[in-house]
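Work through the exercises below on the voids of one protein model. Try each task before reading its solution.

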Amino acid sequence: MTPPVVTTPTTPTTPTTPTAPVQTPVTFANVGVHDPSVVRVDGTFYIFGSHLAAAKSTDLMNWTKIADGATATNPLFADVTKALAETFAWAQSNTLWAPDVIRLDDGKFYFYYNACKGDSPRSALGVAVADRIEGPYVDKGIILKSGMWGEAGADGTIYDAVKHPNVVDPQVFRDKDNKLWMIYGSYSGGIFILAMDPATGKPLPGQGYGKHLLGGNHARIEGAYVQYSPESGYYYLFTSFGGLDANGAYNVRVARSRNANGPYVDAKGTDMSTVKSDPSKPLFDDASIAPHGQKLMGNHQFALAAGETGTAAGYVSPGHNSTYYDPATKQYFIIFHARFPGTGEFHEVRTHEMFINEDGWPVVAPFRYVPLGQAAGAPSATVAAADVAGSYKLVNHGKDISAAIKQSQSITLSADGKVSGAVSGTWTHKGSNRIALAIDGTAAAYSGVLSRQYNANANAFTVTFSAQNADGVSLWGARTGN
């Protein structure tokens, strides 16, 4: 017989808790390009901005500046001081304002430049063409002029700054049927749109200054940019309300239309062509325009939560944005310049992801863009209801045009659907990364989108929401704990 095998009893071991994956800190290479307008060429993003500044990036996070300054040595032109001498002379300026670049059907790149005197709407807007995105661009002439006091403007009537445009801040874009348009304007008579000839890159004849879409009576509205969404079927008109400097209260707003040339409306159905300053009030009256449009973001700062370090995230006077839709990934991005709390006029470019909420409006992610693929532990892009409950810092962007910085407040989203803390109410997970919030004291409910965003102060990807209501108010929430 084989003797029985005697085993020695072993001491049970304590189960080990899995180690949380370590997040590698995300780094960025930042640039200062004011009023950035984006165009993608062969996988590289280029931004062009005021003062003939330009930069490029392959990931929307790390930028390399390739040009700056309206000087003879700027590589975008052989010698811009000579090439655009007529523009500088008319505008009585030695610099350029916010341009736009688009590749047309001939394969060439069309650079829409503009210059403005600054203390008046005396401006010129023209186009230059290059075979390469980085130039050099060759001038094809001035398209429009403004600010000709006592003389006829483009529509044949005596130029009137309260109703005629300041011909700056162009964006040239194709609609869903490939028709070409140019939207432009700043302060003065507002934002206008022109049908363009794709063969020449210039306006089709007989339009004057084009169709008026928004603003007037010197309302502080500028930086128009149109983005079509194949998801919703809307054209979204982004503009910046307020002033661009650190005390100017720049804030980004959006309206929408089923047609590229409008009319554009906000969630209350207000035709934005009626939104303008009250002529009986002092110049640059903001109170008349503040109630209108969907405010996406303005001055704000997220307080540091327990365990967070570094400079608290936030923006001052963010705006003059462009946008980009990636048809391959179906992602939307907003690219803009921002100043920062306590740093004066210093500015840099920032990119955030955008989403379309259940009501068909864009909402902006609370933190700057970092792809989820850089998150440790490969978290799911789907944010389930069980992932949402916890502590948050909340920014209410309001609807005002104010230089005050809106500080975040602490709230809790409980598993039972309650909202408590600085505000109270209820929240509902609606599937497909959608969230609805009803805040006590606010009649209009908020329709939002959940996502995981990189919080640099915590060096972690965290659950966030961005929501908006019919009053045009946006809420940003970033989870801080359980």
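**Exercise 1: the largest pocket**

Task: Into which classes do the residues lining the largest pocket divide, and which elements contribute?

Solution.
Step 1. Sort the lining by class: 15 residues are nonpolar, three polar and six charged. The model is predicted.
Step 2. Take the volume. The largest pocket holds about 660 Å³ of space.
Step 3. Find the centre. The lining has 24 residues, and closest to the pocket's centre are Phe 173, Arg 174, Tyr 225, Gln 227 and Tyr 324.
Step 4. Assign the elements. Two or more lining residues come from each of the strands S1 (37–41), S5 (100–103), S9 (171–174), S14 (221–228) and S19 (314–326).

**Exercise 2: the largest cavity**

Task: How many cavities of 30 Å³ or more are there, and what lines the largest cavity?

Solution.
Step 1. Apply the 30 Å³ cut-off: two cavities pass.
Step 2. Take the largest cavity, with a volume of about 90 Å³.
Step 3. List its lining. There are 15 residues, with Ser 37, Pro 170, Ala 224, Tyr 225 and His 320 nearest the centre.
Step 4. Assign the elements. S14 and S19 each give two or more residues to this lining.
Step 5. Sort by class: six are nonpolar, six polar and three charged.

**Exercise 3: the second largest cavity**

Task: Which residues line the second largest cavity?

Solution.
Step 1. Take the volume: about 50 Å³.
Step 2. Read the lining along the chain. It includes Ala 249, Tyr 250 and Asn 251, then Lys 295, Gly 298 and Asn 299. Asp 400, Ile 401, Ser 402, Ala 404 and Lys 406 complete the lining.
Step 3. Sort by class: four nonpolar, four polar and three charged residues.

How values were computed. Residues numbered from 1 in each chain as written. Predicted model: local features only at pLDDT ≥ 70, side-chain atom pairs only at ≥ 80, totals over all residues. Heavy atoms only, no water. 1 Å grid on protein atoms, 1.4 Å probe; cavity = no way out; pocket = protein on both sides within 12 Å on 5 of 7 lines; lining within 4 Å. Points joined across faces, edges and corners; volume = space filled by probe spheres on them. Helix = DSSP H or I, 4+ residues; strand = E, 2+ residues; numbered from the N terminus. Nonpolar A, V, L, I, M, F, W, Y, C, P; charged D, E, K, R; others polar.
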